[in-house]
Amino acid sequence: MGANPALGVFFHWLGGFASASFYVPYKRIKLWSWEVFWLAGGLFSWAIAPWFFASLQTNNLLGVLSATPTNTLVWCWFWGAMWGIGGLTFGLTMRYLGLSLGMAVALGLTTVIGTMGPPIFEGTLGEIAATTSGKLTLLGILITLIGIVVVARAGSAKQAELGDAKSEGVAEFNLRKGLLIATFSGIMSGCFAWGLAAGQPIRDLTLAAGTDPLSQGLPVLCVVLAGGLTTNALWCAYLIAKNKSFGQFFGAPSADAAPGERPNLLANWLLAALGGTLWYGQFFFYTMGESQMGEFGFSSWTLHMASIILFSTLWGFALKEWKGASRRTRTLVWTGIALLVGSTVVIGLGNMLNAGA
């Protein structure tokens, strides 16, 4: 099966829509503490869905992974664990900044780190910086940083306009705290791209086993996401023990529940499963898109980030997160979003020039 960049772009947009949508079901979960619904959904994101789909769509999954060099497995797991730390704080980003602003800031930084990550991992950053394509990529990174500043200013203006009256979509809006968390989350989340780059030997082995090239990245996800599962599960276990919230998995009321009020277990688990599977869907489609980009494969991460930012912004406005903000402030946030999306295009062009050199 030859490369088909048009199909690859389509898969990347599907992945972006899945990523931008995953938190919507989470917002509907009732009477579960954060650590409970985050771990419940994460079990589907990091364990159930990756192994289920990889088992269905690749050949000899266990044999391929057992034949993978230990060094490769360790690096994939390590970068996944580092990404997992970013994922932990990503939920807090949504909590304090909301969907559109939170994703714009965190994913803007993730774009920078994720784009430059593989060259750093492979030790080729100096060579890239000396080329025309490398300079174009660095320009895109600069535009990304400008876009982050613009979006942050829009958030500051929103806070000043609303005062103590929080936006309808974000009850706990806190710009300073949210921006600090989003910055840390964005940097650490970029490590996911490093894990995918480290997994090339796994792709080679699964292709040799007869796996369709479209699904060659799925076994890599099993290892990288195992790292993310490790850090997320440890932190959630700590919070569950601290807050004594383990019983909520089985119907015990949360601390903020009214007397006699209990969670709807079936609804909560279904929403957690939907949100978790949607989250995994972003990388399910990402790996398919990456396999179709051919000589433009380096642009995959930027295409992925651009689609997430676009769809998350649309969701943010649909959820009325910017209700009450002035037209000037809404225009400012759209300008920031446009800069972030434009920056991913510039970075993608730089990667395309590098791939075609």
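The side chains of Gln-282 and His-304 are joined by a polar contact of 3.2 Å, a polar contact being a pair of N or O atoms within 3.5 Å in which, within protein, one atom must be able to donate a hydrogen and the other to accept it, with sequence-adjacent residues counted only if both atoms are side-chain atoms. All of this comes from a predicted model, where local features need pLDDT of at least 70, side-chain atom pairs count only at pLDDT 80 or more, and totals for chains, interfaces and linings use all residues. Residues are numbered from 1 along each chain as its sequence is written, and side-chain values use heavy atoms, with hydrogens and water left out.

Gln-282 sits in helix H13 (residues 265–292); helices here are DSSP runs of H or I with at least four residues, strands are E runs of at least two, and both are numbered from the N terminus. Gln-282 counts as buried because its relative accessibility is 4%, the cut-off for buried being under 20% relative accessible area, with exposed over 50% and partly exposed in between (1.4 Å probe, protein chains only). Leaving aside residues up to four places away in sequence, Gln-282 touches Gly-15, Ala-18, Ser-19, His-304 and Ile-308, where contact means heavy atoms within 4.5 Å.

Over the whole structure, 2 cavities of 30 Å³ or more are found; on a 1 Å grid over the protein atoms alone, a cavity is a set of points where a 1.4 Å probe fits but cannot get out, and lining residues have an atom within 4 Å of a point. Two or more lining residues come from each of helix H3 (34–57), helix H5 (70–97), helix H6 (99–122), H13 and helix H14 (300–318).

As for the chain overall, there are 15 helices and 0 strands, and buried residues make up 54% of the 357 residues. Among contacts with a separation of 6 or more, 83% are between residues 24 or more positions apart. Leu-340 belongs to helix H15 (residues 327–356) and, at 1% relative accessibility, is buried.

Definitions and conventions: 1 Å grid on protein atoms, 1.4 Å probe; cavity = no way out; pocket = protein on both sides within 12 Å on 5 of 7 lines; lining within 4 Å. Points joined across faces, edges and corners; volume = space filled by probe spheres on them.
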